[in-house]
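Good morning, colleagues. Please take a moment with the sequence and the structure on the screen, and then I shall go through a few selected features.

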Amino acid sequence: STSIWLTVAFTVERFIVVQCPIKGKVLCTLSRARRVTGVVYFFCFALTASTPHEWKVVTRDTSEGPVMALSLTQLGLDNTYRLLYYWFTAVTFILLPLMLLATFNFFLIQAVRR
């Protein structure tokens, strides 16, 4: 999820530099890129923080000895949570970035053609 949103941020930065070269030198700085990277990392981490709580490690005794496996927790078994989280991640990490990338790249190509 972080790499997707970093790609979107990079594409927006490229668009700004190509579309408005003078403003781009002011807006697109190394310190601002570091801040955007930090914000993207923080939000992606926060938005996916519940994922590890969907699973737990269980040990099962078999004839060959103990075997470790993953099992769903109560959160992972909750159908409402799974449905809402599925659609949230589908929109947040697939649909929205895809639309933004397509839009900004379209305008970027148009600007380069001109």
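Predicted model: local features only at pLDDT ≥ 70, side-chain atom pairs only at ≥ 80, totals over all residues.

Which helix gives the most to the lining of the largest pocket? That is H1, with 6 residues. Both H1 and H3 supply at least two residues of this lining.

Let me now turn to helix H1 itself. H1 runs over residues 2-19, 18 residues in total. From the first C-alpha to the last, H1 reaches 25 Å, close to the 26 Å expected at 1.5 Å a residue. Its buried residues are Trp5, Val8, Thr11 and Phe15. They lie on the same side of H1, because they cover an arc of only 115 degrees around the axis. In general, residues three or four places apart in an α-helix point the same way, because there are 3.6 residues a turn. Among the elements covering the buried residues of H1 are helix H3 (30-47) and helix H5 (79-113).

Finally, I come to leucine 27, which lies in helix H2, residues 21-27. Setting aside residues up to four places away in sequence, leucine 27 touches Ile16 and Arg32. Methionine 99 is 72 residues from leucine 27 along the chain, and 23 Å separates their C-alpha atoms.

Thank you for your attention.

Notes: Residues numbered from 1 in each chain as written. Heavy atoms only, no water. Helix = DSSP H or I, 4+ residues; strand = E, 2+ residues; numbered from the N terminus. Expected span 1.5 Å × (residues − 1). Buried < 20%, exposed > 50% of the residue type's maximum accessible area, 1.4 Å probe, protein only. Arc of directions from axis to C-beta. Contact = heavy atoms within 4.5 Å.
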